[in-house]
Structures are given as C-alpha cells and as structure tokens.
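Hi,

Here is the structure I said I'd pass on. Have a look at it first, and my notes on the pocket and the aromatic rings follow below.

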Amino acid sequence: HGKTGDGQGKAARYVFPRPRNLRHDSFRLVSTLSKKPSGEDIYRAIEVGIPGTSMKSWKDLGKEKIGALVDHVIRIRREGATERIEEELRQEGGIDSQGTAKIIEDYVSKALDAGPRWSGMGSPPELRTSVQRGKKVYLEQKCASCHGLAGRGSKGMDLVDQNGQPTWATDLVQGEFHGGREPQDIAARVYLGMPGSAMPSSSNLGAEDLSALVAYCLSISVTPRNNLTNHQRRERAIGRNTLKNNSKSP
C-alpha cells in the first residue's frame, strides 16, 4: 500500500488486483448504509483478509496490533479527505478565505462518518425451499449479465473499477467470494454492493428475495475452488485467461 497509503508500494506492480489507495479509494467490504468503511470494517479486512486477492489474513498480529493498524488507516483516510477538499478550495481560489478551516473540518468529518450499519438480511436462508426462487431473482436482478447464466463469471467483458483498472465478475461456482462465504457475508455484498468495483448495490431487494438469492449462490458454489495467481487474475480480467473447470455448474 506504500508508506503513505497511496497504493504505490514497491510490491504494488506485482499484485492483482492493485493494492487499495487507502487515502482516496472506496473500500470494497463495508457493512454500513453509507457505503463508507467503519472501524469494524477495516478491522475485519485486516484480520480476515480478502479471499481471491493478495490481501491475506493478518489475524496472527493479535487484536492490539490490528487495532493500531485500524487507527493508522483512519488517519491516512483523514489525510486523504483533507487533501481532496484543500485541492478543491485551491481550484476555486478559496483556500485563504475566512472560514476555510471550518469548511475543511466539516468536509473531513462528513467524509469519514460511516453512519449506521446495515441491519442484515434477518434469518438465514432455507436452502431447500429458497433455491428455485433465488434463481428467478438472480435472473430478474440481471446478475447473469455479468456473472453469466451458469454463474461462471464474466468472460470477454470490459469491466473496470473506479480507477479504470480491468476487473471481472466473480465465478460463483468455483471462485472465491471476496467478502466471505457465510450467508450474511454474501447478503451484504449483494445488498450493499462493493463500492469502487463493478459490483452494484441491490438494495431494492426485499428480505425474502435477498435470502433466496443468497441460497441460490450457495447452492451453485462447489469445491475445489480455483486459487488463482496474480498473473492468472490479471489475465482473466483482460480476457486472456481460460481456466479449466474442475466441475460442472448445476
């Protein structure tokens, strides 16, 4: 992530997806209605990692060190928010005007305010009774337009993230679920989306349809899962990598 958190560390060129710019980029795995990361979200990303990327779990650091890292990331984001508003004020010629400090303070506070958490989808899905309904929701929500009818992920699609970097829709059958495989984890990624990525929010879904969609996603997910290298992920993202499927999708 680089010394200043700008995503330009020495190893950044070797990993894919690219390391997050902690100063300015949106955070993918959030639990808040505002789509801004809470301290708990940052803690979990460090502790658990993000499967299917180079962000591994740092659980062995222990709670105290992870907590210190969370505080540092929040400081970095505060610096980034300050940089953004100061640059905007410079462009408008108002950096030296009266009240500038108050404007900066208000902007930064708003930028860092994660707000309330999403309450979740409620009861876990009933796999046996919800799968067929979930498949219908999958099609109605146009999930197949990116993930494919069989859930195998996008192929040959020009998907990009907020920085214009190539990306692809997850293979729901054998791919890694970036936010975790528990029902509530999957529900959060569907309902809240993944800010900064090509994964949109589906907050229009009611509780029963959301639960059914989660059940469907779990029903088509199988093992073994494809554990891709950085090179394979990049090749997949730009449409040049053809993986051998070890199982057939339902």
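**Second largest pocket**

The second largest pocket has 21 residues in its lining, and those nearest its centre are S31, R44, D185, A188 and R189. Keep in mind that this is a predicted model. By residue class, the lining splits into eight nonpolar, seven polar and six charged. The volume of this pocket comes out at about 340 Å³.

**Aromatic rings**

How many aromatic pairs are there? The count is two. In one, W118 and Y191 count as stacked because their ring centres are 4.6 Å apart and the planes sit at 10 degrees, with stacked meaning under 30 degrees. This pair joins distant parts of the chain, 73 residues apart: W118 is in the loop between α3 (100–112) and α4 (127–140), while Y191 is in helix α6 (residues 183–192). Both W118 and Y191 are buried.

The rings of Y138 and Y216 have centres 5.3 Å apart and planes at 55 degrees, so that pair is tilted. Here too distant parts of the chain are linked, with Y138 in helix α4 and Y216 in helix α7 (residues 207–220), 78 residues apart. Y138 and Y216 are both buried.

**Charges over rings**

Cheers

How values were computed
Residues numbered from 1 in each chain as written. Predicted model: local features only at pLDDT ≥ 70, side-chain atom pairs only at ≥ 80, totals over all residues. Heavy atoms only, no water. Phe/Tyr/Trp six-rings, centres within 6.5 Å; stacked < 30°, edge-to-face > 60°. Helix = DSSP H or I, 4+ residues; strand = E, 2+ residues; numbered from the N terminus. Buried < 20%, exposed > 50% of the residue type's maximum accessible area, 1.4 Å probe, protein only. 1 Å grid on protein atoms, 1.4 Å probe; cavity = no way out; pocket = protein on both sides within 12 Å on 5 of 7 lines; lining within 4 Å. Points joined across faces, edges and corners; volume = space filled by probe spheres on them. Nonpolar A, V, L, I, M, F, W, Y, C, P; charged D, E, K, R; others polar.
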